[in-house]
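Okay, thanks everyone for coming. Have a look at the screen and I'll talk you through this one.

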Amino acid sequence: MKLLKSEAMPFATDRLLIRLLRGDDHLALERISSEKKLAGLIPARNRALATATKLARNPKSLAATETAVELAVILKRSGKLIGACDLSATGQTGADVGYMLSSRHWGYGYGSELAVALTDIGFSLLGLRTLTAFVAVDNERSRRALHKAGFLWQALARRHSRIAGRWLDCHYLIARKPHRLRSN
Ligand SMILES: CC(C)(COP(=O)(O)OP(=O)(O)OC[C@H]1O[C@@H](n2cnc3c(N)ncnc32)[C@H](O)[C@@H]1OP(=O)(O)O)[C@@H](O)C(=O)NCCC(=O)NCCS
């Protein structure tokens, strides 16, 4: 995966700013991670919190490498961090996406806006050709948000993740770079 150039950040959508994760994000992420509604979901959130904590302890560690990009999601109108997302390389031209928002902000279309932004970041900024996502079968919000960003259902991955002692079946979804964007 190409390195994400810092001048491409923050990435702005109508209502969100998406920037590289920083060490001082860890308190806000800790608060979000402790929300009850986020328990039992695929633990992308733990990754963001772990990275922010690592960045706080060691300023030389990086939120963007050739294998993973970890990003904070900021609400433009308040300037507050409301979530995190990431792209993890699955090969030279592919990455798996993960994202989460504070449950206080669910249901306002931010998840769909973020899913679309992740495809723009993946395809246009990182030059990827394929993005993948695993979504727990009962996570209708995420499946619908990804569908709006162009992700299509590929397969059912039985017992894909084990969370809190329970195996989760997941939908496996793929988005492919549209032909009109194929400039690299
Ligand atoms: C997934 C997540 C980012 C969605 O965020 P969001 O801001 O609520 O998403 P949106 O408001 O854009 O809504 C997405 C879709 O869910 C639908 N939705 C809203 N409430 C719903 C509910 N209670 N049940 C099912 N679908 C619901 C919306 O109508 C919308 O679909 P539509 O536009 O086709 O009508 C958020 O729920 C989240 O952070 N969840 C926890 C972490 C997670 O699941 N991450 C994804 C792992 S793959």
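Let's start with Cys170, which is buried at 0% relative accessibility. Buried here means under 20% relative accessible area, exposed is over 50%, and partly exposed is in between, with a 1.4 Å probe and protein chains only. Before I go on: this is a predicted model, so to speak of a local feature we need pLDDT of at least 70, side-chain atom pairs count only at pLDDT 80 or more, and totals for chains, interfaces and linings use all residues. Residues are numbered from 1 along each chain as its sequence is written, and side-chain values use heavy atoms, with hydrogens and water left out.

What about burial in general? Of the 184 residues in the protein, 47% are buried.

On to the fold. We get 4 helices and 8 strands, where helices (H or I, at least four residues) and strands (E, at least two) are DSSP runs numbered from the N terminus. Along the sequence the pattern reads β-β-α-α-β-β-β-α-β-α-β-β.

Last bit, contacts, meaning heavy atoms within 4.5 Å. Take those between residues at least 6 apart in sequence: 63% of them join residues at least 24 apart.
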